[in-house]
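This briefing is intended for a reader who has the sequence and the structure at hand. Please keep both in view while reading the points that follow.

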Amino acid sequence: MSVQGPQQVLELAKVSRTFGEGATAVAALRDVELTIKAGEFVAVMGPSGSGKSSLLALAGGLDRPTSGGVFVESTPLAGLGLNELARLRRRAVGYVFQDFNLVPTLTAAENVALPLELDGTAWKRARRQALDALRQVGIPELADRFMDQMSGGQQQRVAIARAVVGQRRLILADEPTGALDSTTGQGVMEVLRARADAGAAVMLVTHEARHAAWADRVVFLRDGRIVDQAAAMHDPAMLLAQAGL
Amino acid sequence: MSIRHSLLALLQDQPRYGYQLRVEFESRTGATWPLNIGQVYTTLDRLERDALVTKEGDDGDGHVVYSITDAGKAEVNNWFAAPVERNNPPRNELAIKLALAVTLPGVDVQAIIQAQRAASMRALQDYTKARRDTTANQRAGDTAWLLVLDSLIFQTEAEVRWLDLCEARMVQQAQSAGPGQARKTSNGVTEDAAPLNADSRR
């Protein structure tokens, strides 16, 4: 049983994930220990095949570990049935994907309100919360547009709004800037950063150093293991001195 | 960095004395390159010797004020017009270190790459945070500082991408190497005993 403070939103305790069995078994993750607190923005970097996406899937309860425990807001995911897990995913966890995964026949506000309505929230209340989320990501004026009336960057903001709507405090983003140009990609980072600063725990999987640099902490994965971490110093004077400037 | 040309450029703006030049330089470059006041005066002496600036006299408070000459103005214009010369090839300690590491037996190249990557990522995080903070409270004089920060961000990002490439090449090499040539690094990763050198010279 692990000890957790109230601030801890995500904990992976000695998590391993193996695909296949016997001689052909492939270890995607090995003994990964990772915690993310409220207000913390963590980026996960590593070459393809290093286990980044497996890690994200386990963190969000989309997959289960072969061994070890995953805790979201102190709830052990292993103890949850499929329905409870689905409910926790709708209420506590928000996902942002590279290809947005938005419903084209719904407006921005309807897309954002969808998880709330699936969870039984009344339409009016869901709409109010959706508008609030769209305001948080800076596009309240696009609430009634359909997806084909929006740019890639705007659609990704809708996807982030859907990920943060309601009381969800864990945001999991898998290469969310992959399909965007660099300026728009930076806009997405600004939104994720703002959500973390407002108290959400954010985990971003990326291979772009310039995006990972928005995080408080960068975790390096290789062959399914965490091999290193980097945390910002927040002391520019020392940094510039080190850079020899 | 050319202190000489930087001071000339500031004098083209208006006549100034030594301490003013230092303050002006640091505020325009975001205090990225702290200037020693001694350097400022030595440089002014040389500029005067070369007839690029002249002493205008005292400002009444005991400060010696310098102004730019026509020859000095021409020098500044040439400086702005000419591209900055690249050292060819640039002397890059990191590149030299890795080039040596991959050719020497018993050196854990992947560990060197990762140590550098973590350090570069930390720097990139700090530059990015500095940029974010500056943008959030932007004042009129911050544009120059933002340009400097952007330059540092691009350079550091390029370094990380290059390290990723080095690592990917090493993994390729390790995969194509026979089992007899492979060895284990401290991270438990199998790699070629002498990666990169053979292929990269093709």
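In chain A of this predicted model, strand S3 (residues 41–45) and strand S9 (residues 217–222) pair in the parallel sense over four bridges. Within this pairing, A:Met45 stands opposite A:Phe220 of S9(A). The points below continue with the strands of chain A and then turn to chain B.

**Strand S3 of chain A**

- S3(A) also pairs with strand S8 (residues 201–205) of chain A, in the parallel sense and over four bridges.
- Because five of the five residues of S3(A) are buried, the strand is largely enclosed by the rest of the structure.

**Strands S9 and S10 of chain A**

- S9(A) pairs in the antiparallel sense with strand S10 (residues 225–231) of chain A, and this pairing has six bridges.
- A:Arg217 has its bridge partner in S10(A), namely A:Ala231.
- S9(A) and S10(A) form a hairpin with two residues between the strands.
- In this hairpin, A:Asp223 takes a positive phi near 50 degrees.

**Overall make-up of chain B**

- Chain B contains eight helices and five strands.
- Read from the N terminus, the order of the elements in chain B is α-β-α-α-β-β-α-α-α-α-β-β-α.
- Chain B has 202 residues, of which 25% count as buried.
- Among the contacts in chain B with a separation of 6 or more, 53% are made by residues 24 or more positions apart.

**Packing of helices H5 and H6 in chain B**

- Two packed helices are described by the angle between their axes and the distance between the axes.
- Helix H5 (residues 93–103) and helix H6 (residues 109–136) of chain B pack at an angle of about 160 degrees, and their axes are 10 Å apart.
- Angles over 145 degrees count as roughly antiparallel, and H5(B) and H6(B) are therefore roughly antiparallel to each other.
- The crossing in which H5(B) passes H6(B) is left-handed.
- Which residues meet in this contact? From H5(B) they are B:Leu94, B:Lys97, B:Leu98, B:Ala101 and B:Val102, and from H6(B) they are B:Val109, B:Ile112 and B:Gln116.
- The residues of the contact between H5(B) and H6(B) comprise six nonpolar, one polar and one charged.

Technical notes: Residues are numbered from 1 along each chain as its sequence is written. Chains are lettered from A and ligands numbered from 1 in the order in which they are written. This is a predicted model: local features need pLDDT of at least 70, side-chain atom pairs count only at pLDDT 80 or more; totals for chains, interfaces and linings use all residues. A residue is buried if 20 or more other C-beta atoms lie within 10 Å of its own, exposed if 12 or fewer, and partly exposed in between; C-beta atoms are placed from the backbone. Two strands pair if DSSP finds at least two bridges between them. Two residues are in contact if their C-beta atoms, placed from the backbone, lie within 7 Å. Axes are lines fitted to C-alpha atoms, for helices over the stretch in contact, and angles run from 0 to 180 degrees between N-to-C directions. Angles under 35 degrees count as roughly parallel, over 145 as roughly antiparallel, 65 to 115 as roughly perpendicular and the rest as oblique. A crossing is left-handed if the near helix is turned anticlockwise from the far one by less than a right angle, and right-handed if clockwise. Ala, Val, Leu, Ile, Met, Phe, Trp, Tyr, Cys and Pro count as nonpolar, Asp, Glu, Lys and Arg as charged, and the others, Gly among them, as polar.
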